[in-house]
Structure formats: C-alpha cells, structure tokens
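Subject: Structure handover

Hello,

Please find the structure below. My notes on what was found in it follow.

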Amino acid sequence: MFIGRERELGTLEDKYASGKFEFVGLYGRRRVGKTALLGEFAKDKPCIFFTAIEDDPQANLRLLSQAIFLLDNPDSDPALAPVYGDYVAAVDAVFALAQRRRVILVIDEFPYVARTYPAFPSILQAAIDRNKDDSRLFLILCGSSLSFMREQLMGKQSPLYGRKTGQIELRPFDFFESRRFFPGASFETSLALYSMVGGIPLYLQQLDPSKSTEENVAAAFLDASSILYDEPANLLKQEVSKAATYNAVISAVAGGSSQHNEIATQAGIESAALDYYLKELVRLDLLEKELPITPGGRGTWRITDHLFRFWYRYVRSRQPMVERGLGARAAAWIVDALPEYVGFVFEEACRVWLWRAYAGGTCIRSIIKL
C-alpha cells in the first residue's frame, strides 16, 4: 500500500499536466521510496520505465531498448525487443515517440548508466536541445547517490546543467507522517518505533505496532535474517571506501562523543584526519554540526539518521550476543535504555509539530511566545 508523498505526487502531476517538455531530477537516499513514488505516479500513464544496473553499457542499452519496446507492447516478452545500435538512436527514438503524444521516460538509478557510459549525459543534453521546443516528453532522472545527482543536475560542469525544469529531493517522513504506518498505535508506541528507524518507508514496514517494543527490537534488529540486522553497515559500504574508519567515527558519535577532539580520541584517529571523515558523513546526510545560538561556540556533532543512531548505539555492539543465542536478553537491555534515547526524538517531534502548526495557521500566538 502506498502511503503519503501527496506534495511530491502533486508536483509531478502538475508537470505532467503542462503537456510540454519537462525534465525533473528526483533524488534521495537509498530506501526512501523514490521508485515507489515514481511507480505510483506513472501507473495508468504511458511510461518508459528504465532501471539502470551496475553492468557494462551494452547491458543497460539492452534494458533501455526493452523498456521502449514495452511502451506499445506491454504484454510482450521483453526478450523479443530489438536492441538499438547505440544510445543516441535509443534516445532519439524516445523523443520521436513523444512528438505525437505525452510520454514519460523514467531513468531510475541514473548514476549507474552515467558512470558506466560517461557520454550518456551529453547524449541526453544534445537530444534535449534539439527537441525540447516541440517535444511532449516528460523526462525524470532518479538516483540515490546524492552527490552524483546534485553534480549532474545542478553542477555547472554537467552537460545537463540548466536543462531541468524541476527537482525533487525526497526526504524521509517526519514523525507525524510515519505514524500513518502504525494505525491505532499510541503516541508513545509510535514514537518509540519511529525513534529506531526514522522515516524510511521500508524500515517502518519492518515494525509491528501490535507487538511490544521489546518484541519489535528482537525481531527487526536482533534476528540475523532481518534486513535491519546489518543494514547501516551495508549502506555505508556502498557509499564509501575504508568503511572501518567511518564505522569508528559514527560509533563514537552514537556513544555520546560530540566534540571534535572527543570523536577523534574515541575513534582512534588523528584529529587532523577527522575533518575529512566528518565532511564525507555530512555529505551523506548522516552527520550534522549543531551550532549554539550565542557566537563563539564550538558546536556539537550528532547523527541525523535515526536508524544509524540507534543501530550504532545499541545494536552493533550486541550482535555477538545474537550469535550466541542471547538476542532476547540483548533486546531487554536495549528497551531498558530507550527512555533516555527517545527523549531526543520527542524534542524533534515537538519542533516538527510547531512548524506544522505555524504552516497551518494555528497556534501562532503560542508559537510567537516561545
């Protein structure tokens, strides 16, 4: 069941309704629901949905050719699709189809094809420049590599710079949006569950509000067969090299170290070398530095992602217990420590509520007094 994303769907629908050439970049961290959003938007619309893979250029050209073929042959075997001679011919074929009717071209996991075939963005740029004035194509480029997508869509050195007509950065759900995954659950239960995984739809779906918090911790985090058992470590490996040092930095912050020197000491790395890792983790939207209101303060580092914060603080160090059959005991210990941990998330939920109230035009006087 598709939940939420009304604003993003509205943006896509407005672009689609224009009837003219549109080019939207959609990006966000892994698992945030980009493909699900595009699937919901594109259903019942003429759409070429091409999902790139980490493979050689010819493999992706074959998949793109199959996606184009299926537009008018939805019940056919994709293996019967003729393969275009090159990417130029394939892209030109899409624009030709979009001269007669409204067509959506979704390129999901765009970084995969752009990295394996670096000329692809230039091919798109040239086709856009030739056809945009009389084309009805709605082009959507989607990707999870935030830095790559930003560079390709907004970087002045990119061939696609200045061509897009819109962009959407898909963010995790906030607490109030996430509660829709837990119908009937109390505020306290919803907050505890949200504090462990944050607003990523796939992660929220791993939790069952009809079970106790301890049962959810045991099933979702302390069962080696569950996807959350080692999800943060796997995600980190996909984004960085030498993940061991990043693990040490995140573990230090999750354990309570918030100052630069504290983190360096706890992580066991030189203070001068720490800046690079902090910068990379900020780029990945995993860390942020909170600055004090008063000038001259040093600021403190904190983990922005709830799953990473929870997993590195409680789960990673207890995985050896799981491997020894002591998962239930580990779950009990984690739940005992949750009240202090959830306090920070409650503060975040309060801030979100205030902004929502302000945006809705209610409680303005109370907010101003604060």
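How much space lies in the largest pocket? The model is a predicted one, and in it the largest pocket holds about 1,200 Å³. The elements that each give two or more residues to its lining are helix 1, helix 7 (146-154), helix 9 (187-197), helix 12 (231-239), helix 15 (271-283), strand 6 (287-290), helix 16 (306-315) and helix 18 (327-359). Helix 18 provides the largest share, six residues. In total 47 residues line the pocket, and those nearest its centre are Arg171, Pro172, Phe173, Tyr194 and Thr304. Sorted by class, the lining has 20 charged, 18 nonpolar and nine polar residues.

Helix 3 covers residues 57-72. Its 16 residues should span 22 Å at 1.5 Å a residue, and the C-alpha atoms at its ends are 24 Å apart, so the two values agree. Asp56 caps the N-terminal end of this helix, with a side-chain oxygen 3.0 Å from the backbone nitrogen of Gln58. Among the buried residues of helix 3 are Leu61, Leu64, Ile68, Phe69 and Leu71; Asn60, Ser65 and Gln66 are buried as well. The cover over the buried residues of helix 3 includes strand 2 (47-51), helix 4 (87-100), strand 3 (103-108) and helix 5 (110-116).

Helix 4 has its own buried residues, including Tyr87, Val91, Val94, Phe95 and Leu97. They pack against strand 2, helix 3, strand 3, helix 5, helix 6 (120-131) and strand 4 (137-143). At the start of helix 4, a side-chain oxygen of Asp86 comes within 3.2 Å of the backbone nitrogen of Val88.

Lys15 sits in helix 1 (residues 6-17). Leaving aside residues up to four places away in sequence, Lys15 touches Glu22, Val24, Arg102, Phe138, Thr165 and Gly166. Between the C-alpha atoms of Lys15 and Leu354 there are 31 Å, and 339 residues along the chain.

Is Ser257 buried or exposed? Ser257 has a relative accessible area of 12%, and residues under 20% count as buried, so Ser257 is buried. Ser257 is placed in the loop between helix 13 (243-254) and helix 14 (260-267). With residues up to four places away in sequence left out, the contacts of Ser257 are Ala252, Glu262, Ile263, Gln266 and Trp301.

Regards

Conventions: Residues numbered from 1 in each chain as written. Predicted model: local features only at pLDDT ≥ 70, side-chain atom pairs only at ≥ 80, totals over all residues. Heavy atoms only, no water. Helix = DSSP H or I, 4+ residues; strand = E, 2+ residues; numbered from the N terminus. Buried < 20%, exposed > 50% of the residue type's maximum accessible area, 1.4 Å probe, protein only. Contact = heavy atoms within 4.5 Å. Expected span 1.5 Å × (residues − 1). Polar contact = N/O pair within 3.5 Å; in protein donor to acceptor, adjacent residues only side chain to side chain. 1 Å grid on protein atoms, 1.4 Å probe; cavity = no way out; pocket = protein on both sides within 12 Å on 5 of 7 lines; lining within 4 Å. Points joined across faces, edges and corners; volume = space filled by probe spheres on them. Nonpolar A, V, L, I, M, F, W, Y, C, P; charged D, E, K, R; others polar.
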